[in-house]
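Subject: Structure for you to look at

Hi,

Here is the structure I promised. Please open it first, then read my notes below.

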Amino acid sequence: MNTVLLSNGVIALLFTETILYVLAFVAFVWGLKIYKNWNFESLASSQYLLEKKNYFTTTVIVFILGVKFVLLPLFAHIVDGLSDLVPGAMCGAGVISANDYGMPIFIIKLLVLFLGVCWSIANTIDLQNNYAYTKRKYELFFGIFILLTLEFLLQGLYFTHISLESPVMCCSVIYGASNSGSTLPLSLSPSTLSIAFGILFIMLFIALINKIKILSFVLGALFLYFGYYFVLHIVGIYVYELPTHICPFCMLQREYFYIGYLLWGSLFLGSFFSMAPLVLEGLIHQESKRSFSVAIFFNLLLAIIALYFIVGFYLKNGVWL
Amino acid sequence: MITVTNLDKVHNAGQKNKFIALSGINFTAANGECVILKGVSGSGKSTLLSLLGGMSKPTHGSVRIEGHNIAKLPDDKLSHFRLTTVGFIFQSFNLIDDLSFRDNVLTPTICLNISGEEREKRFLKACELANISSKESTLAKDLSGGEKQRCAIARALINNPSLIIADEPTANLDKDNTLYFIETMKKLKKLGKTILIATHDEIFEQSTLVDRVIKIQYGHIVS
Ligand SMILES: Nc1ncnc2c1ncn2[C@@H]1O[C@H](COP(=O)(O)OP(=O)(O)OP(=O)(O)O)[C@@H](O)[C@H]1O
Ligand SMILES: [Mg+2]
């Protein structure tokens, strides 16, 4: 028996994920029925029954997506905790790359959250408009369900295929060995990355304030991409106060006051809510005004935390890293 | 304007103890009309009123009030409809025993975003219509039967609803209080409110309040 599977966190996680998947499956089956037979104009008892089922199914989906939001940081936390078991790993970065399933799972989880955000907004708009978009809402859910299936399978494979014998590379190795070659996108230098990110932030801010959907989407996607490197390579080293420590996971640990959850959370949610309005436009031809404000909130939160660490370090020590 | 079309209500549909409480109900009521629902116990009067008041959903058919089919409203919109359009007076009054008269009357305003001044204005108006004053701070459980009902009426009127639904409002009242209730309803009718009352009290039919009597038997409308 693989000892990874016996760790409390993994058991709890897989157990919860299994329940959620069963619920998602039920919602999927009911969703198909509703999707096939939905006719809001009808006054027949079958339609009233569908409306009740729809209420139930919607509640189940809201529940699943809500728990999924909590499970992502939990997943990161548990993976991070496994670093005690996996040889060579000092934090989650080593554990996640212990096999080929780790990174895809992470990306799928993020995609599920993004589509989950879109679904929740679509759901709110649907309910405000007397079920005008119910069918489109289910189409989106069917897409999410496929991702959930993939994620469920990969997650099982991931936790059963973590080798406890062969040592993994981790941040300790990364910064010791390969610091010479630049790992930044477009071979940017750290200072150009910071400036690019700053400009992006301002442009996105303007796009969001003016509620320009397509621009918010494009800039939001870029913001996510560059934001990842910005948090990792710039903010991270100020969090660790160590210019060679490039790691997305260590900042999730207690030594750094779990600040990583806030940093990554605000980055992901900020860009998701920036990108959501365009997706919703395509899906239900509806404006979701609040999405822009939520995006602004999370983007500002990210900026404030980043500045706090960077400027705070400078004020304390009088030097930049 | 209320239009009820092909309305069915089946309790426990699809189960062994399935019960058809209403079937094929059709009727209309104009604004400002007072309609009485008559029928023996168990005929489906309360069931019909709860459908009309948006407190439960039909199994089939539609209930249109001012053009909206309320059976099709999502839950939060339905609550808003109940809150702003319907004043419901229950047979057993359904007051909250440990709240004062005043707080009972004001409960429907809690979810509305209105000023204290506006709230006070509405309270005085509702008490005037329901014909009760000087009981403001008495706890509901200490009110007399007649007062309890006037409290329930004031509560039903606090949000100025256009539709008033009363389910056996006089079952717990003596003759004087019953006549008093009818007088109050007359006042409300003059204000243009639509009134639906379920009752088997003969006294209603003799009063000038009532425009029409609908008789229900075993979940059907007869006559
Ligand atoms: N939730 C329920 N499940 C099953 N049967 C129900 C339910 N609610 C009501 N019924 C049945 O529906 C029938 C109609 O009930 P309803 O309360 O409408 O009668 P009513 O005409 O108001 O009678 P009363 O004059 O005694 O108040 C009754 O036979 C009752 O038992
Ligand atoms: Mg009854």
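How much area is buried between chain A and chain B? About 1100 Å², and carbon and sulfur atoms give 52% of that. Buried area here is the accessible area (1.4 Å probe) that two parts lose on being put together, summed over both. On the chain A side, Leu43(A), Tyr48(A) and Asn130(A) supply 47% of what chain A buries against chain B, more than any other three residues.

Before you go further, some ground rules. This is a predicted model: local features need pLDDT of at least 70, side-chain atom pairs count only at pLDDT 80 or more, and totals for chains, interfaces and linings use all residues. Residues are numbered from 1 along each chain as its sequence is written, chains are lettered from A and ligands numbered from 1 in the order in which they are written, and side-chain values use heavy atoms, with hydrogens and water left out.

The interface

Contact means heavy atoms within 4.5 Å. By that rule, 13 residues of chain A touch 12 residues of chain B.

The rule finds 1 salt bridge across the interface. (That is a side-chain nitrogen of Lys or Arg within 4 Å of a carboxyl oxygen of Asp or Glu.) Lys72(B) pairs with Glu51(A), and their closest N and O atoms are 2.7 Å apart.

There are also 8 residue pairs in polar contact between the chains, both residues at pLDDT 80 or more. A polar contact is a pair of N or O atoms within 3.5 Å; within protein, one must be able to donate a hydrogen and the other to accept it, and residues adjacent in sequence count only if both atoms are side-chain atoms.

The side of chain A that touches chain B has 7 nonpolar, 5 polar and 1 charged residues. (Ala, Val, Leu, Ile, Met, Phe, Trp, Tyr, Cys and Pro count as nonpolar; Asp, Glu, Lys and Arg as charged; the others, Gly among them, as polar.)

The ligand

Now look at ligand 1. Which residues come nearest? Of the 13 around it (a heavy atom within 4 Å), they are Ser41(B), Gly42(B), Lys45(B), Ser46(B) and Thr47(B). A polar side-chain atom of Lys45(B) lies 2.7 Å from a ligand 1 oxygen. For Glu168(B), a side-chain N or O atom is 2.9 Å from an oxygen of ligand 1. His11(B) has a side-chain N or O atom 3.2 Å from a ligand 1 nitrogen. By class, the shell has 3 nonpolar, 8 polar and 2 charged residues.

Best wishes
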